[in-house]
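Keep it brisk and grouped by topic.

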Amino acid sequence: MAYNLQDQEQIDELKAFWANNGNRLMWLAVIALAVFAGWRAWNWYHDSQAQDAAREYAGLLSAADSGKIEQVRERYDAIQKGYGSSVYAGMAGLRAAEAFAKANQPDAAVAALESVMKNSTEPGFKPIAGVRLAGLLLDQKKYDEATKAIDSGNIGPVSGEMAASVADRRGDILAAQGKASDAKAAWEEALKLLPRHNQLRSLVQYKLDAVTD
């Protein structure tokens, strides 16, 4: 095929361009492929990790429901070590703490709840853990620690029914310390925050009536 002078000049320019930039373009293509492959691999890894964590959590639930406390501990430890940054870590901590408390292992329950408050990636888990932790510490007559467990600096901002649960627990702690008027104020706050048909209302009202009499 014959080329005119203009065609030849364009060919020469292309050759010069590839001579100067060909390696760079090839590397850019390789990098783009590597990034894409890495993205695919990360998604696969992330999905695989989530599935593995879900299986471990399902095993924990089954063990807890069956009262197999050692299996609960094993599953809980496996989730914390292998999937500590996942949502399942916080869920496992809450459920394991409940199982530990039921098995009369309050120290293990406290440790699990403290871990949720410190490490959970889900802010909504922290106030739940705080209220439950405060209840365990209250049973141990550790009033200052129980109060600290539901402090806003530890559980974050709360509202609605969660705020009512916090106020109710604060009332419990104050009542145990003999601070009846402060306990009454806390329970009154809880009642104001609770919806009319919430089941907790009757319990809070009972405690409020008892401290008023």
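Predicted model: local features only at pLDDT ≥ 70, side-chain atom pairs only at ≥ 80, totals over all residues.

Residues are numbered from 1 along each chain as its sequence is written, and side-chain values use heavy atoms, with hydrogens and water left out.

**Overall make-up**

- The chain has 10 helices and 0 strands, where helices (H or I, at least four residues) and strands (E, at least two) are DSSP runs numbered from the N terminus.
- From the N terminus on, the order of elements is α-α-α-α-α-α-α-α-α-α.
- Of the 213 residues, 32% are buried (under 20% relative accessible area, 1.4 Å probe, protein chains only).
- Contacts are heavy atoms within 4.5 Å. Among contacts with a separation of 6 or more, 48% join residues 24 or more positions apart.
- The chain exposes about 13600 Å², and carbon and sulfur atoms supply 54% of it. These areas come from the Shrake-Rupley method with a 1.4 Å probe.

**Second largest pocket**

- A pocket is an open set of points on a 1 Å grid over the protein atoms alone, with protein on both sides within 12 Å along at least five of seven lines; lining residues have an atom within 4 Å of a point.
- The volume of the second largest pocket is about 160 Å³, taken as the space filled by probe spheres set on points joined across faces, edges and corners.
- Its lining consists of Glu114, Met117, Lys118, Leu133, Leu137, Glu145, Lys148, Ala149 and Asn154.
- Helix H4 (106–119), helix H5 (125–139) and helix H6 (143–149) are the elements that give two or more residues to this lining.
- By class, the lining of the second largest pocket has 4 nonpolar, 1 polar and 4 charged residues. Ala, Val, Leu, Ile, Met, Phe, Trp, Tyr, Cys and Pro count as nonpolar, Asp, Glu, Lys and Arg as charged, and the others, Gly among them, as polar.
- Domain 1 (46–122) and domain 2 (146–212) each provide at least three residues of the lining of this pocket; the bounds come from an automatic or database domain assignment.

**Largest cavity**

- A cavity is a set of grid points where a 1.4 Å probe fits but cannot get out.
- The structure holds 1 cavity of 30 Å³ or more. The largest cavity has a volume of about 50 Å³.
- Gln80, Gly84, Ala89, Gly90, Ser115, Val116, Asn119 and Ser120 form its lining.
- H4 gives the largest share, 3 residues.
- The lining of the largest cavity has 2 nonpolar, 6 polar and no charged residues.

Terms used
Buried < 20%, exposed > 50% of the residue type's maximum accessible area, 1.4 Å probe, protein only.
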